[in-house]
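Open the model in your viewer and keep the selection panel at hand.

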Amino acid sequence: MKANRSLQLSYEIKSQMGKDLSSIFRDYYPFDLVEHYKRPGERDRLYSTSTTLLTMILTEIQQDKSLQNSVLIYSTIHNKNIEKLKYQQETFLNSKENNDQKRKPGRPRKSIGRIAKSKMQSASSDTSGYSQARQRINQDVFDAVFTDSVESLESSCESKWHGMDVFSTDGTYLQMQDTEEIRKEYPNTGGGYPRGLLQVIIKHGCGSIHNFKLSSDKTSELSLFAEIMSNLPGNSLLLADDLYNSYLMFYMLKELKVDIIVPGKRKRNYQVVETISHGDEIVEIKTPSKSRIIGGAEKLKNLKNRTLKMRRIEYSSPDNENKKRVLWTSLLNKRIKKEDIILKYESRWDIEVSIKEIKTIMDINIVRSKKPDMALKEVTSALIAYNYVRKTIAEASAESDFPPETDIIQKFYEIDTPCLVDKLGRKYAKWSPGRKGKAKA
């Protein structure tokens with residue numbers, strides 16, 4: 001029985017999210033980096049930028065993502081901060097350096113400095129202060145913390161394939177709240193609820209969300225990926241589906257020194273240049289006249305009458321020997337065998353967690369925020385939290401393998417709570433007593 005590593009990892013991530021990760025997340029969270037974004041003359045508020053953002057990240061691993069629960073999480077963090085401040089004051093008063101210093105005129109100093117009274121008092125259970133604090137944080141602070149979470153995770157786990165970092169990319173739709181502002185930013189081209197398209201790049205080996213972009217479903221996956229592809233490091237490999245089997249995509253990745261493997265489900269005109277082995281050929285493809293990438297037609301005009309060398313691999317389907325499959329790749333290195341390329345592509349979903357799984361794991365199928373800027377902050381917080389959970393698993397070297405007799409599918413789905421969605425996008429359990437606590441007959 002072949003182990004499905006992807007499903008095992010999904011279960012392990014879900015299990016980790018059920019634990020108290022607040023202290024672990026505090027260790028990962030870059031407090032100094034967030035403080036760097038503090039505006040000059042900014043008030044020392046109860047809901048500081050650092051603690052508010054950390055609360056948003058911690059909220060994303062909770063089943064209850066309400067503002068009230070976020071305030072409870074914040075209160076826990078705030079109380080720990082009070083204990084820390086009291087400890088610092090006691091340490092200062094009892095320090096030998098403080099006691100031995102030469103007496104100066106005036107009252108003796110009794111603290112480490114001026115601390116706002118609100119910092120030493122318990123936080124209110126009212127959600128308005130926390131809600132306003134979330135809106136005050138600029139998106140560039142979220143982006144900086146996200147980038148830090150990527151670098152922190154990827155530095156702790158190195159995984160190479162023929163000396164290359166391996167990435168995959170995919171897009172998925174998220175349902176947004178039905179408000180006027182959201183409808184304007186995230187219209188649904190097919191009608192119905194507003195929805196956004198989330199495009200991500202995932203790094204294999206450590207499973208980090210390497211980069212992402214959120215846009216409306218009017219934007220195609222190819223165009224959205226073209227906006228973030230420059231973040232890919234040189235000498236790396238990208239795995240993608242047939243949608244990315246595009247001449248312009250091949251050309252742009254080649255300029256970034258990034259190789260690609262995609263399936264060839266559509267017919268493509270080509271000319272054989274060299275035969276490496278049976279079903280393994282170096283071919284040339286010509287510049288097409290059309291492109292599905294925004295602005296692609298203009299770029300293709302500049303590339304007119306150019307050819308591009310690619311590698312075309314044909315093989316029998318693992319499920320049906322009579323059915324032929326085709327892979328297109330820019331890997332022209334003959335030392336990388338045909339079998340290695342086929343195995344790498346065919347096993348990509350068995351060993352990695354896809355964006356669709358991540359969407360379910362982090363419970364962002366439906367984005368709860370009612371404003372476009374807050375929707376982006378919510379998604380960013382969820383992806384930061386995901387990277388932190390993956391880092392926890394990587395550092396603990398958690399063994400998530402299950403013996404063959406274990407029903408991994410049942411084990412995974414029993415921790416998911418079945419839910420329904422009403423017309424406003426609100427979620428409720430199927431055994432909900434209904435409105436005003438009255439059970440349905």
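Start with F25, I57, L198, I209 and M362: these have the most contacts inside the largest nonpolar core, which has 52 residues. A nonpolar core here is a set of buried Ala, Val, Leu, Ile, Met, Phe, Trp, Tyr and Cys residues joined through side-chain atoms within 4.5 Å. Buried means under 20% relative accessible area, exposed over 50%, and partly exposed in between, with a 1.4 Å probe and protein chains only. Next select residues 372-396, helix α16, which gives the most to this core, with eleven residues. Helices (H or I, at least four residues) and strands (E, at least two) are DSSP runs, numbered from the N terminus.

This is a predicted model: local features need pLDDT of at least 70 and side-chain atom pairs count only at pLDDT 80 or more, while totals for chains, interfaces and linings use all residues. Residues are numbered from 1 along each chain as its sequence is written, and side-chain values use heavy atoms, with hydrogens and water left out.

Now centre on I209. Which residues is I209 in contact with, leaving aside its neighbours within four places in sequence? They are F146, V150, V200, I201, I202, I358, L383, Y386 and N387, where contact means heavy atoms within 4.5 Å.

Turn to the charged side chains. The model has 14 salt bridges, each a side-chain nitrogen of Lys or Arg within 4 Å of a carboxyl oxygen of Asp or Glu.

Select R195 and D217, a salt bridge with its closest N and O atoms 2.9 Å apart. R195 is in strand β2 (residues 195-203) and D217 in the loop between β3 (209-216) and α10 (221-228), 22 residues apart. R195 counts as partly exposed because its relative accessibility is 26%; D217, at 7%, counts as buried.

Then select K213 and E227, whose side chains meet in a salt bridge at 3.5 Å, N to O. This pair links strand β3, which holds K213, to helix α10, which holds E227, 14 residues apart. K213 is partly exposed at 32% relative accessibility, and E227 is partly exposed at 47%.

Go on to K334 and E274, with closest N and O atoms 2.4 Å apart in their salt bridge. K334 lies in the loop between β9 (324-329) and α13 (338-346) and E274 in strand β6 (residues 271-277), so the pair ties together parts 60 residues apart in sequence.

Finish with K65, D363, R368 and E378, which salt bridges with shared partners join into one network.
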